[in-house]
Amino acid sequence: MIRVTVWNEYRHEKIDDRVRNIYPEGIHGAIAGFLGMHEDITVRTATLDEPECGLTQEVLDNTDVLIWWGHMAHHEVPEDVVVRVQESVLKGMGLVVLHSGHHSKIFKRLMGTSCNLSWRFEGTDGDMERLWVVAPDHPITQGIDRYFDLPGEEMYGEPFDIPEPDKLLFLGWYEGGEVFRSGCCWRRGRGKIFYFQPGHETCPTYHIHWVQTVITNGVRWAEPESRVAALECPNVKKPTPKF
Ligand code: ZN
């Protein structure tokens with residue numbers, strides 16, 4: 001079984017009727033709902049206002065893949081929680097960062113860059129987005145045809161200030177003409193990281209089948225290959241007799 005923890009700051013849903021109407025159980029509840037339908041996945045949730053953000057050492061030690069959604073309260077996540085999550089990733093825990101999580105402390109720490117991007121949200125629905133598959137042989141794009149469309153999303157455009165991805169999976173195109181690296185993979189230590197762009201809080205994006213397919217594939221891809229307490233890098237004495 002893959003043990004998933006879905007973390008959400010869970011603030012928009014409490015103060016904005018539009019978001020609460022789309023996600024009555026919270027964004028974390030919606031994501032946990034579709035992931036939990038799969039027999040190989042067990043899922044729990046954690047939110048910002050829980051003690052230690054719901055991310056105690058025990059929770060992280062029992063999490064194979066952590067999903068992260070945040071936007072308006074990135075600055076409220078304490079540094080010690082961020083360091084704890086980073087250390088778990090370096091030891092092998094998978095991390096799936098969604099949408100505005102690009103500006104979360106944990107993503108910026110793991111990337112080492114500003115993670116800034118161009119953006120636009122106009123009208124009630126934003127832009128139509130077409131997500132093109134650029135790596136059809138990758139586990140995360142399985143079950144997706146050449147592309148899929150989202151009727152309304154926030155435009156995230158290049159330049160996206162990230163380190164060069166180890167693998168680029170999706171290229172997003174918007175009706176305004178912009179493009180964006182919408183699905184990217186990296187490794188940090190033993191941990192695998194997947195960033196996926198869709199998921200603006202006033203759009204019903206996480207109810208869309210193709211988005212659910214990609215996130216589910218992302219969880220299975222990011223499952224740890226190994227979990228090690230610490231990498232041993234000793235000072236090694238020259239053997240005797242010498243070669
Ligand atoms: Zn957004």
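For this tour, a salt bridge is a side-chain nitrogen of Lys or Arg within 4 Å of a carboxyl oxygen of Asp or Glu. By that rule this predicted model has 17 salt bridges.

**Stop one: the zinc ion.** Select the zinc ion and show its donors: His 99 through NE2, Glu 154 through OE and His 200 through ND1, at 2.0 to 2.1 Å. Along the chain, these donors are spaced as H-x54-E-x45-H. Glu 154 sits in the loop between strand 7 and strand 8, while His 200 is in the loop between strand 11 and helix 7, so the pair ties together parts 46 residues apart in sequence.

**Stop two: Asp 16 and Arg 18.** Their side chains meet in a salt bridge, 2.9 Å from N to O. Buried or exposed, what is Asp 16? Asp 16 is buried, at 16% relative accessible area, whereas Arg 18 is exposed, at 52%.

**Stop three: Lys 105 and Glu 79.** Here the closest N and O atoms of the salt bridge are 3.3 Å apart. Lys 105 belongs to helix 6 and Glu 79 to helix 5, so this pair ties together parts 26 residues apart in sequence.

**Stop four: Asp 149 and Arg 130.** Pick this salt bridge next, with its closest N and O atoms 2.8 Å apart.

**Last stop.** Select Arg 11, Lys 14, Asp 49 and Glu 76 together: salt bridges with shared partners join them into one network.

Note on methods: Residues numbered from 1 in each chain as written. Predicted model: local features only at pLDDT ≥ 70, side-chain atom pairs only at ≥ 80, totals over all residues. Heavy atoms only, no water. Donors = N, O, S within 2.8 Å, 3.2 Å for Na, K, Ca; no water. Helix = DSSP H or I, 4+ residues; strand = E, 2+ residues; numbered from the N terminus. Buried < 20%, exposed > 50% of the residue type's maximum accessible area, 1.4 Å probe, protein only.
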